[in-house]
Amino acid sequence: MKNKLFPTHEIGSLKKPSWYNAVRKGRPPSEADLAELQRWSRLLNLDSTPLRKLLTGRSTSALKRETLQWAVRFALKLQEKAGLDAVWDGEFWRSEMYEDPVSRIPGLRFTASYRGVLAFDDNYYRPAECITRPKKGPALYVDELKFAKSQTKRIVKVPLTDPHTLATWSYNIYYLRKLDKKRLDPKQARYEAKRDFTLDLAKGPLRHTLRELIRAGAEAIQLDAPAAITDLREFDEATLKQLGYELPLY
Amino acid sequence: MVEASLTGMHPRSEKLIKLRSAYRWGKAVEGKIPSQADVEEAHNRDAAELITRQRNMGLQYPIDGLLRWNSIIELAAHNLSGVEIPPTNLRRWFNTNTFYHKPIVKSELRFTEKRPHVFHADLLGKEWKAVLPGPYTFSRLVEDAHYCNPDALMAAYAEALKLLIQELEQQGCSYVQLDEPSLVFRPMMKPLSSDELSTVRESWRTAASGRAVHVNLHTYFEDASPLLLQLLDFPADSLGIDFQETGTAALKEYSFTKPLACGIVDARNSLVETVRDLRRRVEWLMDELNVSSSMVRICPNTGLRYLPRRIADRKLENLGKACRELEAEER
């Protein structure tokens, strides 16, 4: 990929196959789900007989995991067939780009047992609050990477939500409380609290994850930073450099 | 006397969320797939409960929580002809993790007859607050396929808004908050020039003419201080400032002639401000800005929709308690 002028890869998560969604939700795949499986098996020239047996056979404890692995095989094959240089697993292992990493970072906890904050229409998200300094937990996504690498010869890309986005979409309790003692102007306190939270997420859990992913053979990592489009300008140059953003933002 | 009110959209209750989702996706709740009437009833219950809670906590101008909407832009568009709200066309709402369907203006904008369910006037009775986008924010957050000129669109919306405000007045509304976050939140854009602000002020004159209700110009998501001098000159009865984003240092030089709606409750953090914190903030603000309590109304910096309902309600309660304690102290 390094030698190509315009290497190609897909950016966002892929739509989960309906037969995988059925298994995730604990219901038997319908005729329509199985027809979709057949159609895509034909289009991608992928022998899915074992999967069909799995889906129509008796439910086992390994069913979810094995179906997920098949879903990943389909995602990889689709991208290979499209001729992409770097491929990935479509984020099928994860529930959502924010909720998934946040649920696995010690120091953050969800504020409600349900998705209670309206994103739009009847879609909601579940913000977490930072109650203590974020710590290194088990590195994220190493298993995902290893499995994908075992299924393809192409470069496997791993997407990761960037620390600034995680901080922007979370409630920052710990750092604000810490700064409150200094009696700063609220605006100044908010800025400093957000900066400290973001840097600690970057230096702790996310750097640890990056190291472990590289150790596990990651050749391409994509940092997803949707909050950067509106909020990253709030940080000073030194903070941006520490986060790895060295290009002028505006 | 310090007054208190909510600022905008409130989060839906867990029950309403579940019911709406079940209705949308055709799933059963307690053995039954909810009907549209069930959803309507749940909406009314949620709004009524929120209104009662605000009245019980002594908030002067309750709102209905705007529970049906993704944003005030779609709410306003619902009252206008000439504009369509597409089922797609999703856009991010400022720097939040929430989205709205960007309406498309396709012909002359006009205020239409009263449409049901914009605000729960029946539940609110008298003395309530409506929240709508101001002319500048509306004109910048919709897609203009007709005027091809944002200022012409802004002027047309201002005309329609004037009629809508009069209609709300008829329904018992006594306080209209016109939100103008787009005036202050301008990432990677130049601040508005004096000429541009004059044009916006003109549209405000149109919208705010011929009414008896209190009109508040509310800003949030960014520091209002660079525009403060000009904003104080707008034809609004009070000015709303997000005090999570606006420092007081730059405000000290002004002498305030109109009341301030001070956004001191943080709608974007789950840390619940204690009653003592809020009282201290009010006293500190009065001291910093050299204003009397009659010039101060306290509120969240923006709608509490960015929080789960349980936390939003706790913030609401502490806001009411702080207001009552400040009032008792004054007596």
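Modeller: What follows is a close look at helix α4 of chain A. This is a predicted model, in which local features need pLDDT of at least 70 and side-chain atom pairs count only at pLDDT 80 or more, while totals for chains, interfaces and linings use all residues. Residues are numbered from 1 along each chain as its sequence is written, chains are lettered from A and ligands numbered from 1 in the order in which they are written, and side-chain values use heavy atoms, without hydrogens and water.

Helices here are DSSP runs (H or I, at least four residues) and strands likewise (E, at least two), numbered from the N terminus. Helix α4 of chain A covers residues 63–82. Its 20 residues should span 28 Å at 1.5 Å a residue, and the end C-alpha atoms are 29 Å apart, which agrees; the expected span is 1.5 Å times one less than the number of residues.

The buried residues of α4(A) are A:Leu63, A:Thr67, A:Leu68, A:Gln69, A:Trp70, A:Ala71, A:Val72, A:Phe74, A:Ala75, A:Leu76 and A:Gln79. Buried means under 20% relative accessible area (1.4 Å probe, protein chains only). An α-helix has 3.6 residues a turn, so residues three or four places apart point the same way.

The cover over the buried residues of α4(A) includes, from chain A, the helices α1 (18–24), α2 (31–44), α3 (49–56) and α6 (142–151), together with the strand β1 (86–87). After α4(A) comes A:Gly83, with a positive phi near 85°.

Elsewhere in chain A, A:Pro186 lies in helix α9 (residues 186–215). A:Pro186 counts as buried because its relative accessibility is 13%. Leaving aside neighbours within four places in sequence, A:Pro186 is in contact (heavy atoms within 4.5 Å) with B:Phe243, B:Gln244, B:Arg281 and B:Trp284.

Notes. Buried means under 20% relative accessible area, exposed over 50%, partly exposed in between (1.4 Å probe, protein chains only).
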